[in-house]
Amino acid sequence: MDLVTRRFAQVDVFSALGTAGNPVAVVLDAGGPEPVTEDQMAAFARWTNLSETTFVFPPDDPAADYRLRIFTPGGELPFAGHPTLGSAHAWLTSGGRPKGEDIVQECGVGLVRIRRAGARLSFAAPPLRRSGPVDAETVARVVAALGVAPDEVVAAEWVDNGPEWMVLQVGSGERVLEVTPDVPALGDLKVGLLGLYDSGDVFAEVRAFVPGIGVPEDPVTGSLNAGIAKWLRATGQAPEDYVAAQGGAIGRAGRVHVHDDGRDIWVGGDTATVIEGTVAL
């Protein structure tokens with residue numbers, strides 16, 4: 001098979017510092033007369049070894065600006081937050097022009113709207129595919145793996161919006177940063193850990209563990225934060241605007257900005273191109 005040279009960018013998402021957020025590898029021009037195959041996408045995602053690698057195709061839906069496929073080292077996702085924002089950034093930087101006021105991304109969960117304001121991009125949080133309390137057996141397994149006491153658990157909820165996230169809330173943001181998990185013990189579960197702060201510019205601390213797809217701890221996670229925001233707003237636990245921190249436990253400084261405009265919950269952050277060039281696929 002002859003390889004095709006395609007435009008490529010690696011984008012840092014959820015940080016204004018350029019290398020303190022979560023990187024995503026974006027392959028532009030994935031379609032065309034010689035589209036990237038599924039096997040090539042999976043192999044390249046394993047090779048980059050980032051939490052996600054994306055491939056930008058022409059849309060199938062006429063309402064969309066482009067179609068995005070999102071791969072982890074372990075497989076494909078129907079939706080993910082930081083790849084959505086990083087891919088939109090790369091598409092805009094490479095000359096993409098939205099058809100309307102918002103950028104519209106087509107992906108496995110349908111159409112996702114994205115807005116831009118300066119260096120910050122935000123996506124409209126998709127609906128939850130699964131919600132409600134997590135069963136006691138699963139909670140016990142997660143508690144044991146994370147090394148927290150059962151009486152530390154404030155709540156355990158499904159916040160599945162594509163990735164099958166569950167979130168375990170503990171007593172404080174400080175406690176979230178103290179946790180030393182046995183990540184392999186989580187198996188194929190996708191687990192978010194949440195704690196709220198009593199004061200300060202940051203409202204919540206978040207961590208994300210996804211060992212089943214080859215990512216022990218994700219630096220900063222848009223889909224998880226979107227699911228958490230949907231749940232916190234629905235239960236009256238969060239203000240209309242807040243900032244969540246993620247990545248501090250692994251040397252990052254991610255900041256996720258959440259805004260509820262009464263119709264949609266927007267999840268956003270700063271984006272910056274760190275690497276730009278071409279790849280042969």
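The following legends describe an overall view and several close-up views of a predicted model.

**Figure 1. Overall fold of the chain, with five helices and 17 strands.** The radius of gyration is 18 Å, close to the 19 Å that the globule rule gives for 281 residues, so the chain is as compact as a globular protein of that length. Along the principal axes, the C-alpha atoms fill a box of roughly 60 × 40 × 35 Å. Among contacts with a separation of 6 or more, 64% join residues 24 or more positions apart.

Figure 2. Of the 281 residues, 57% count as buried.

**Figure 3. The largest nonpolar core, comprising 53 residues.** The members that touch the most other members are Tyr 66, Ile 114, Phe 123, Leu 194, Ile 228, Leu 232 and Tyr 242. Helix α5 (residues 222–234) supplies the largest share of this core, with six residues. Apart from this core lies another, of 20 residues, which includes Leu 146, Trp 158, Met 166 and Val 176. In soluble globular proteins, nonpolar side chains tend to be buried together.

**Figure 4. Surroundings of Leu 232.** When neighbours within four places in sequence are left aside, the contacts of Leu 232 are Leu 194, Leu 196, Phe 203, Gln 237, Ala 238 and Tyr 242. Two of these partners, Leu 194 and Tyr 242, are listed with Leu 232 among the core residues that touch the most other members.

**Figure 5. The loop between β3 and β4, with Pro 62.** Strand β3 covers residues 53–57 and strand β4 covers residues 66–72. The relative accessibility of Pro 62 is 70%; the residue therefore counts as exposed, the cut-off for this class being over 50%. Lys 99 is 37 residues from Pro 62 in sequence, with a C-alpha to C-alpha distance of 9.9 Å.

**Figure 6. The loop between β15 and β16, with Ile 250.** This loop joins the positions of strand β15 (241–246) and strand β16 (254–260). With a relative accessibility of 36%, Ile 250 counts as partly exposed. Not counting residues up to four places away in sequence, Ile 250 touches Glu 217, Asp 218 and Pro 219. Ala 9 is 241 residues from Ile 250 in sequence, and their C-alpha atoms are 24 Å apart in space.

Conventions: Residues are numbered from 1 along each chain as its sequence is written. This is a predicted model: local features need pLDDT of at least 70, side-chain atom pairs count only at pLDDT 80 or more; totals for chains, interfaces and linings use all residues. Side-chain values use heavy atoms; hydrogens and water are left out. Helices (H or I, at least four residues) and strands (E, at least two) are DSSP runs, numbered from the N terminus. The radius of gyration is taken over C-alpha atoms; the globule rule is 2.2 Å times the number of residues to the power 0.38. Buried means under 20% relative accessible area, exposed over 50%, partly exposed in between (1.4 Å probe, protein chains only). Contact means heavy atoms within 4.5 Å. A nonpolar core is a set of buried Ala, Val, Leu, Ile, Met, Phe, Trp, Tyr and Cys residues joined through side-chain atoms within 4.5 Å.
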